[in-house]
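Colleague: Hey, I've just opened this one and I'm new to it. Can you walk me through it?

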Amino acid sequence: MTRTTDLSPAPAPARRSWLRDHSEIGVSVLLLALGVLVLTDALTMDVDITQRGPVGPKTVPVVVGAGLLLIAALLAVDVLRGGRGQAETGEDIDLSEPADWRTVLLLAGVFLGAAVLIEPLGFPIAGALLFWGAAFALGSRRIDRDPLIAAVLSLVTYAVFNNLLGVPLPGGPLMGAL
């Protein structure tokens, strides 16, 4: 019996591109772009002349924008020095399973529906539909409890924003009752 051996060289491992090895740079670029956008918007903000004091409407956006730029720079330096993000280690996540697009589309529909209905129905009703629809999309099927919780949560949110914080929300048909 004759034995044949293959003496051809083994194929070299596929070389990964530099960008693939440093893909976190993309996150750094995104953070940089967001930081520039936030800072540009904050610094061109029209502020009322009566605004006095060091803390005004520009303060928080400027701090957030500067923070985004700092994080983008630190992340880029870390990646260029060889830092890598950790792989997914969630114990209850099966990465071999496909995404749950039904839930994503239901949630998107609920949010879009609330955005369309907030003006004609007002925040209390549109918010209750939003909270109830989100609970349903995420798997809750308690029709005896969920609508009540959604209504209470929506009314409390409306009262806090409208009455305590002074942020006017559309009341819709319930405007006179609230």
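This is a predicted model: local features need pLDDT of at least 70, side-chain atom pairs count only at pLDDT 80 or more; totals for chains, interfaces and linings use all residues.

Colleague: Okay. How many helices and strands does the chain have?

Modeller: The secondary structure comes to six helices and zero strands. Reading from the N terminus, the order of elements is α-α-α-α-α-α.

Colleague: Let's talk packing. At what angle do α2 and α3 pack?

Modeller: About 160°, and their axes are 8 Å apart. Here α2 covers residues 24-43 and α3 covers residues 59-80.

Colleague: So what do you call that arrangement of α2 and α3?

Modeller: Angles over 145 degrees count as roughly antiparallel, so that is the term for α2 and α3. As for handedness, α2 passes α3 in a left-handed crossing. The residues of that contact between α2 and α3 divide into 21 nonpolar, three polar and one charged.

Colleague: Staying with α2, what span should its 20 residues have?

Modeller: At 1.5 Å a residue, α2 should span 28 Å. The C-alpha atoms at its ends are 29 Å apart, which agrees.

Colleague: And which residues of α2 are buried?

Modeller: Those are E24, I25, S28, L31, G35, L39 and A42. They cover an arc of only 115° around the axis, so they sit on the same side of α2.

Colleague: What's exposed on the other side of α2?

Modeller: L30, L37 and D41 are exposed there.

Colleague: Switching to the helix at 146-164, α6. How does its expected span compare with the distance between its ends?

Modeller: The 19 residues of α6 should span 27 Å at 1.5 Å a residue. Its end C-alpha atoms are 26 Å apart, so the two agree.

Colleague: Which α6 residues are buried, then?

Modeller: D146, A150, S154 and Y158. Their arc around the axis is only 95°, which puts them on the same side of α6. On the other side of α6, the exposed residues are L148, N163 and L164.

Colleague: How do α5 and α6 pack?

Modeller: Their axes are 8 Å apart and the angle is about 135°. That makes α5 and α6 oblique to each other. The crossing of α5 past α6 is right-handed.

Colleague: I clicked on L138. Where does L138 lie?

Modeller: In the loop between α5, which is 123-137, and α6.

Colleague: Is L138 buried or exposed?

Modeller: Exposed. The cut-off for that is over 50% relative accessible area, and L138 has 62% relative accessibility, so it counts as exposed.

Colleague: One last residue. Which helix holds G133?

Modeller: G133 lies in helix α5.

Colleague: Buried or exposed, that G133?

Modeller: Buried. G133 has a relative accessible area of 17%, and buried means under 20%.

Colleague: And how far apart are G133 and V110?

Modeller: In space they are 5.8 Å apart, C-alpha to C-alpha, and in sequence they are 23 residues apart.

Technical notes: Residues are numbered from 1 along each chain as its sequence is written. Side-chain values use heavy atoms; hydrogens and water are left out. Axes are lines fitted to C-alpha atoms, for helices over the stretch in contact, and angles run from 0 to 180 degrees between N-to-C directions. Helices (H or I, at least four residues) and strands (E, at least two) are DSSP runs, numbered from the N terminus. Angles under 35 degrees count as roughly parallel, over 145 as roughly antiparallel, 65 to 115 as roughly perpendicular and the rest as oblique. A crossing is left-handed if the near helix is turned anticlockwise from the far one by less than a right angle, and right-handed if clockwise. Ala, Val, Leu, Ile, Met, Phe, Trp, Tyr, Cys and Pro count as nonpolar, Asp, Glu, Lys and Arg as charged, and the others, Gly among them, as polar. The expected span of a helix is 1.5 Å times one less than its number of residues. Buried means under 20% relative accessible area, exposed over 50%, partly exposed in between (1.4 Å probe, protein chains only). The arc is that of the directions from the helix axis to the C-beta atoms.
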